[in-house]
Structure formats: structure tokens, C-alpha cells
Amino acid sequence: MANKISSQDLGTKPIKKLLVKQSVPAAIGILVMSLNILVDTIFVGNWIGSIAIAAINVVLPVSFFIAALGMSIGVGGSSIISRALGANNKEKALKTFGNQITLTLLFTVAFASFGLLYVDDIIPAFGGKGAIFDPAKIYYKIVLYGVPFLGLCMMGNTAIRAEGKPKFAMYAMMIPSIGNLVLDYLFINVLDYGMAGAAWATTGSYMLCIGFIIWYFLSNKSELKIDASHLKLQKNVVSEIASLGFVTLARQAVVSITYLFMNNILYNLGGETSVTAYAIVGRMLMFALFPVFGITQGFLPIAGYNYGAENYSRVRKTINTAIGYATVLATTIFILLMVFPEQITRLFTSDVDVLKEAPNDMRWVFAMTPIIAVQLIGAAYFQAIGKAIPALLLTLTRQGFFFIPLILILPNFYGEMGVWMSFPISDILATVVTAFFLNREIRKTLVVKT
């Protein structure tokens with residue numbers, strides 16, 4: 001029992017040890033989930049073909065956006081839960097969690113139904129053209145059946161982390177990832193189901209995840225014991241969840257729009273080869289930064305809890321420590337990716353054209369990785385303390401305000417190279433903007449009480 005974690009630990013344990021304790025399980029969970037996506041892509045590329053990689057890349061922004069509905073409800077609600085637990089207001093935490101469940105079910109089922117209804121229009125719009133269309137359609141239809149389960153998993157995972165149980169949040173991410181790899185091998189390699197096998201493996205993994213999360217909240221591991229009354233939507237709770245969760249949803253919406261533009265622009269400039277190269281680089285973006293994302297996830301409940309408890313000195317220390325740790329990790333990732341991009345690309349495909357293009361693209365995309373910690377922690381801070389508008393604007397800064405305009409403008413002057421140049425330029429601009437607003441907020445709000 002001595003190692004049992006409670007929400008009160010977020011306000012009492014030493015910041016450095018607490019951040020590691022919160023971040024390592026989150027990072028491991030993200031690592032396993034990212035490895036799942038990475039290995040899934042390797043399996044698909046080697047067992048089905050390079051076009052299959054491009055097909056999955058077309059489907060991802062659609063399924064991720066619907067899944068992000070659950071994540072946004074989860075992150076928005078979990079910010080409330082962390083602060084409510086910090087203020088010893090457990091009833092508000094329970095009402096919030098119950099409303100999260102109801103909202104997630106309503107929205108994910110509705111959007112998944114819409115996505116299935118207009119499948120033939122959506123896939124080409126996201127770059128699923130030519131030889132990419134047919135495998136993308138097969139994958140898309142099956143994966144969307146499981147997306148509501150994924151939305152509930154994303155929501156439940158953030159709620160687990162909000163009550164200070166990072167290990168169980170890690171398990172919730174590991175179980176579907178490992179399950180997907182096993183099912184991939186069975187459905188693709190053994191049973192030879194092709195794209196349908198890859199899709200059913202993914203959907204099956206979502207079902208494994210929700211099974212574990214239901215067990216967790218019904219067990220004595222969770223403090224969030226709700227009853228039917230908590231599931232009834234309440235206007236004030238929904239409004240607060242929406243205002244904070246919209247930040248995450250907007251970020252994922254912009255990511256989906258980015259995929260839409262990137263897939264279409266690259267298809268027009270370089271055909272299937274460029275779309276496949278982007279798919280490989282995109283997988284590395286999800287995978288390589290897992291320790292940095294782990295620090296960000298670990299940072300959220302600590303900052304939210306201590307802000308709710310008005311312990312501002314701990315909030316300041318948490319910000320500084322998180323940025324420091326994340327910067328060291330990001331720099332290490334940068335060095336590895338600059339040195340080994342060719343070897344990484346070969347893991348995914350033996351296609352000569354893709355092998356020629358992807359390594360250079362990867363270097364451009366990760367060129368400014370050492371400075372991204374300020375972007376991530378800065379935006380996460382405003383979300384953790386419940387300031388939705390600054391969190392939203394800073395979240396959208398990199399991709400919405402800088403990256404998308406750049407990829408629409410620079411290719412007119414530099415061709416396909418203009419697309420890849422947009423990555424480091426947008427990172428620099430977003431970091432400068434986030435640093436300015438974060439520093440101003442710290443000086444203005446986080447006045448240490450004596």
C-alpha cells in the first residue's frame with residue numbers, strides 16, 4: 001500500500017520525482033501506442049505494399065478526428081477533475097466524469113455514422129485518389145466501426161491520469177497496442193486478409209482497450225464512483241468541458257486539415273511516392289517524440305491540481321522542470337533522426353523512389369525539434385489551469401496560424417521543397433509566440449503567496 005498513488009500526492013510530493021512518476025508511465029504508454037502505429041505501418045508496407053501505407057495515411061485524419069472528440073472531452077473534463085480534486089470538491093469531479101461518458105458516446109457515434117454515410121466523398125477529399133482509393137476505402141469503413149470505442153478509451157485514459165493513476169493510464173494504452181500487433185500478424189500474415197485484416201486488427205484493439213477501462217472504473221482502483229444521476233448532462237458542466245476540450249478538438253481538427261492539404265499538395269507535386277514518404281515521416285512524428293509527449297501528459301495533472309490548490313510556487317516549478325526535461329529529450333531525438341533517417345526509412349519499405357525521397361524530408365521535418373518543449377508545455381499549461389482561450393490560440397499557433405499558410409504559399413516558389421521547409425519555419429515562429437505569452441502569464445498570475 002505504500003506505493004499507492006492518490007490525487008493528494010500531486011500537491012505534496014517533490015516536483016522532480018512527481019513529474020518523472022507521472023511522465024514515465026505516460027511516455028511508456030505513448031511509446032507502446034506509437035510503436036503499434038509504427039509496426040503496423042511496417043507490417044502493412046512489407047506484407048501488403050507501399051500503396052497501403054499511403055492508404056492508411058489518408059484514413060488516419062478522419063478516424064483520428066472522430067477519436068479526438070473523445071480525447072477532447074477527456075482532456076477538458078480531466079482539467080476540471082484535477083482542479084476539483086485539488087479543491088476537495090469530489091462531487092464536481094464525479095458529475096464531470098459522468099457527463100464526459102455521455103458526451104463521448106453521443107458525439108463519436110454521430111460523427112462515425114456521418115463518416116460512413118459519405119465515405120466515397122471523404123476519401124478523395126483527403127488525398128485518397130488513383131491507386132490509393134480502393135485500399136483506403138476498405139480500411140476506412142472497418143476502422144470507423146471501432147472509432148466510438150477509441151473515443152471512449154481516449155476519454156477514460158485522461159480521467160485515469162487526472163486522478164493521479166498514471167500506471168493504469170499506461171496499461172490502458174499498452175493493451176490495445178500490443179493486441180493490435182498480435183491481431184495484425186494473425187489477420188495479415190497468417191490469414192492473408194490484406195487491408196481488411198489491418199483494419200479489423202485496429203478495431204479489435206479498440207475493443208480490448210475499452211474492456212480494460214470499464215474494469216478499472218468498476219474496480220476499487222478508481223476514486224470516481226459515479227451513479228446514473230452523474231450521466232445526466234448538466235449545462236454548466238458541459239459548458240466547462242466544452243470550453244476546455246475544444247482546445248484539443250481544435251488541435252486535432254487542424255491536424256486533420258493539415259493531412260488534407262498535405263496529401264493533396266504532395267499528390268499533385270509528387271504522386272503516390274510523395275504521399276507515402278509523408279506517411280512514413282508522419283509515423284516518425286508520432287513515434288519519435290513519445291518521451292516529450294509523456295512529459296507534457298505528466299505535467300497536466302500536476303499543474304492543474306496545484307493551481308486549483310493555489311500553490312503557485314509548485315506550479316512555477318512544474319513548468320520549469322517540465323520544459324527542462326522535455327528539451328533534453330527533444331534534443332536527443334533530434335540528433336538520432338539527423339544521423340539515421342535512411343536506416344529508419346528502410347524499415348518501412350524497399351521502394352526505391354520512397355527511399356530516395358523520405359530521408360531528406362525527415363531531416364526537414366525534425367530540424368527544429370530541440371525547441372518544441374516550450375510550445376507543448378506552454379499550451380498545456382493554459383489548458384491545465386482552465387484558461388481555454390489562450391490554450392486554444394497557442395495550440396493552433398503552429399499548424400493553424402503558421403504551417404497551413406506556409407504550405408499553401410511556399411510550394412508556389414520552391415515546389416515540393418517548400419512543403420518541407422514549412423515545418424522548421426512554423427516551429428520557430430510558434431515557439432517565439434508561445435514563450436512570450438507563457439512568460440507574461442507566469443509573471444502576472446503565478447505570484448507566490450507568502
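A nonpolar surface patch of about 630 Å² is formed by Trp47, Ile48, Tyr185, Leu186, Val190, Leu191 and Tyr193; patch members have over 30% relative accessible area and no salt bridge, and nonpolar side chains are joined within 5 Å. The model is predicted: local features need pLDDT of at least 70, side-chain atom pairs count only at pLDDT 80 or more, and totals for chains, interfaces and linings use all residues. Residues are numbered from 1 along each chain as its sequence is written, and side-chain values use heavy atoms, without hydrogens and water.

Helix 6 contributes the most to the nonpolar patch, with 3 residues; helices are DSSP runs (H or I) of at least four residues, numbered from the N terminus. Isoleucine 48 belongs to the loop between helix 1 (15-47) and helix 2 (50-86). Its relative accessible area of 33% makes isoleucine 48 partly exposed (buried is under 20%, exposed over 50%, partly exposed in between, with a 1.4 Å probe and protein chains only).

The whole structure contains 15 aromatic pairs. Phenylalanine 168 and tyrosine 171 are edge-to-face, because their ring centres are 5.7 Å apart and their planes stand at 85 degrees; pairing requires centres within 6.5 Å, with planes under 30 degrees stacked, over 60 edge-to-face and the rest tilted. These two residues lie 3 apart in helix 6 (residues 166-190), so about one helical turn separates phenylalanine 168 from tyrosine 171. Phenylalanine 168 is buried at 18% relative accessibility, whereas tyrosine 171 is partly exposed at 33%.

Technical notes: Rings of Phe, Tyr and Trp (its six-membered ring) pair if their centres lie within 6.5 Å; planes under 30 degrees apart count as stacked, over 60 as edge-to-face and the rest as tilted. Patches are made of residues with over 30% relative accessible area and no salt bridge: like charges are joined within 9 Å, nonpolar side chains (Val, Leu, Ile, Met, Phe, Trp, Tyr) within 5 Å. Accessible areas come from the Shrake-Rupley method with a 1.4 Å probe; for residues, only the protein chains shown count as cover. A salt bridge is a side-chain nitrogen of Lys or Arg within 4 Å of a carboxyl oxygen of Asp or Glu.
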